[in-house]
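I opened the model to look up a few side chains and their surroundings. My notes follow in the order of looking.

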Amino acid sequence: MTDENMKTEDMMEETAAEDAVEKPSEETASQESVEEQTEKESGEEASEESEVSAEEGEDETSSETDEDEEDSESKSDSGEKKDKKLRWKKKDKKDEKIEELTDRLQRTMAEFDNYRKRTDKEKASMYIIGAKEVVEKILPIIDNFERGLASATEEQKADPFVEGFDKIYKQLCKTLEDMGVKVIEAVGKEFDPNFHNAVMHVDDESVGENIVVEEFQKGYLYKDFVVRHSMVKVAN
């Protein structure tokens, strides 16, 4: 083997050794970069997990706070209800007594009001009944005045005695009218059994049916109450 060949082989061996040395260093560098990337990823995952756990802790804390607030509110509400119940129990007897007395007072006032109205109505009816009885007793006197004046002749009507008699009659009628006494209209009106008392019937074609043609005795009203019915003749 020549010297040149030996030198060539030595150079090749050195080159192979250098390549062998460079390859492990490259592999080591790649491994180191992979490890660094893995560590970064694990660090990022750890930070994300810590953030998630922190958020969960905040949520749990807020939920616990809300629950505490709800519990406190429910406790306060229950406490208020208990206080109201206690106050109601304490005032229960007084309220019952007040309601009982109020009810009795209202009933008494209503009964008294009804009694007052009833007595006022009875008094008014008694007054009307009494006045009707008085008017009914005066009516025969009015009838006698009318009969006396009707029997007087024209010459007698000029007599001062008859004139005085007529003035007394008119004064008496005016007094009864002021008291609420009215004469029932009969002649020419349709017969009404509520106001008229038919004692005679006559056939008269010139007058309508059931029409009063003659009055024998005047009828009177006192405040829309019949004191005496008119005594009349009715056409058939």
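Helices (H or I, at least four residues) and strands (E, at least two) are taken here as DSSP runs, numbered from the N terminus. I note that this is a predicted model, in which local features need pLDDT of at least 70, side-chain atom pairs count only at pLDDT 80 or more, and totals for chains, interfaces and linings use all residues. Residues are numbered from 1 along each chain as its sequence is written, and side-chain values use heavy atoms, with hydrogens and water left out.

**Entry 1: S230**

I found S230 in strand β6, residues 230-235. S230 counts as buried because its relative accessibility is 0%; buried means under 20% relative accessible area, exposed over 50%, and partly exposed in between (1.4 Å probe, protein chains only). I then listed its contacts (heavy atoms within 4.5 Å). Leaving aside neighbours within four places in sequence, S230 contacts I184, A186, F195, H196, N197, E215, Q217, K218 and G219.

R228 sits in strand β5, residues 225-228. With a relative accessibility of 15%, R228 counts as buried. Not counting residues up to four places away in sequence, R228 touches residues including L139, I184 and Y220.

I looked at strand pairing next; two strands pair if DSSP finds at least two bridges between them. Strand β4 (residues 220-222) pairs with β5 in the antiparallel sense over 3 bridges. The bridge partner of Y222 is F225 in β5. The two strands form a hairpin with 2 residues between them, and K223 in the turn has a positive phi of about 50°.

**Entry 2: aromatic pairs**

I searched for rings of Phe, Tyr and Trp (its six-membered ring) with centres within 6.5 Å; planes under 30 degrees apart count as stacked, over 60 as edge-to-face and the rest as tilted. The whole structure gives 2 aromatic pairs. F145 and F165 form a tilted pair, 4.6 Å centre to centre with 40° between the planes. F145 lies in helix α1 (residues 3-151) and F165 in helix α3 (residues 160-179), so the pair ties together parts 20 residues apart in sequence. F145 also forms a tilted pair with Y169, at 6.2 Å centre to centre and 35° between the planes. F145 and Y169 are both buried. I recorded F145, F165 and Y169 as one aromatic cluster.

**Entry 3: salt bridges**

My rule was a side-chain nitrogen of Lys or Arg within 4 Å of a carboxyl oxygen of Asp or Glu. The count comes to 11 salt bridges. One of them joins D103 and R107, with the closest N and O atoms 2.9 Å apart. Both lie in helix α1, 4 residues apart, about one turn of the helix.

**Entry 4: confidence**

I checked pLDDT, the predictor's confidence in each residue, from 0 to 100. The chain mean is 75, and 61% of its residues reach 70 or more. Over residues 20-30 the pLDDT is below 50, and this stretch has 1 contact in the model beyond near neighbours in sequence. Where pLDDT is low, the predicted coordinates should not be read in detail.
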